[in-house]
Amino acid sequence: MHRSWWMENGPGCTVISVTPAPDWAPEDHRYITVSGCVLDYQYIEVAHSSLQIFLALAGFVYACYVVKCITEEEDSFDFIGGFDSYGYQGPQKTSHLQLQPMYMSK
């Protein structure tokens, strides 16, 4: 029964459909024989998965590097009245509503 894409589409593979299909074969699967493959499909799947894992790890390392570079740039950023002048207080909003203590009798 066909379960792997690489089994049917591997390099040099010749696919022959077996008819009639056995009674136990599910209807949504084709029953085939494969011959003439340069590599077995299991080896191709392992190589394909290994390449994907390597690319994912390389992408993760590169993303960490980019985040590190961005955070270093943010720390060095300065402007007038910026983060370095802690004594500076910007204009405060004035409230038209003044809070007063409330006294309650027992």
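Tyr43 is found in helix 2 of the predicted model, the element that spans residues 41-76. With a relative accessible area of 55%, Tyr43 is classed as exposed, because the threshold for that class is over 50%. Together with Val38 and Leu39, Tyr43 makes a nonpolar surface patch of about 340 Å².

Gln42 has its place in helix 2 and, at 39% relative accessibility, is partly exposed. The C-alpha atom of Gln42 is separated by 8.1 Å from that of Trp6, although the two residues are 36 apart along the chain. Tyr41 also lies in helix 2; its relative accessibility of 25% places Tyr41 in the partly exposed class. Between the C-alpha atoms of Tyr41 and Ser4 the separation is 7.7 Å, for a pair 37 residues apart in the chain. When neighbours within four places in sequence are set aside, Tyr41 is in contact with Ser4, Trp6 and Met7.

The protein chain contains two helices and two strands. Read along the sequence, these elements follow the pattern α-β-β-α. Helix 1 covers residues 5-9 and strand 1 covers residues 14-17, while strand 2 comprises residues 32-35. Among contacts between residues at least 6 apart in sequence, 48% join residues that are at least 24 apart.

A search of the whole structure finds one disulfide. This disulfide joins Cys13 to Cys37, with an S to S distance of 1.9 Å. The link of Cys13 and Cys37 is right-handed, with 125° about the S-S bond. Distant parts of the chain are linked by the pair: Cys13 lies in the loop between helix 1 and strand 1, and Cys37 lies in the loop between strand 2 and helix 2, 24 residues away. A disulfide is a covalent bond between the sulfur atoms of two cysteines.

Cys37, in turn, is partly exposed, with a relative accessible area of 29%.

The accessible surface of the chain comes to about 9900 Å². Carbon and sulfur atoms account for 61% of that surface.

The mean pLDDT of the protein chain is 78, and 68% of its residues reach 70 or more. Confidence is highest in helix 2, with a mean of 89, and lowest in strand 2, with a mean of 79. Tyr41, Gln42 and Tyr43 accordingly belong to the element with the highest confidence.

Note on methods. Residues numbered from 1 in each chain as written. Predicted model: local features only at pLDDT ≥ 70, side-chain atom pairs only at ≥ 80, totals over all residues. Heavy atoms only, no water. pLDDT = per-residue confidence, 0-100. Helix = DSSP H or I, 4+ residues; strand = E, 2+ residues; numbered from the N terminus. Disulfide = S-S within 2.5 Å. Buried < 20%, exposed > 50% of the residue type's maximum accessible area, 1.4 Å probe, protein only. Contact = heavy atoms within 4.5 Å. Areas by Shrake-Rupley, 256 points an atom, 1.4 Å probe, with all protein chains shown as cover. Patch = residues over 30% accessible without salt bridge, like charges linked within 9 Å, V, L, I, M, F, W, Y side chains within 5 Å. Salt bridge = Lys/Arg side-chain N within 4 Å of Asp/Glu carboxyl O.
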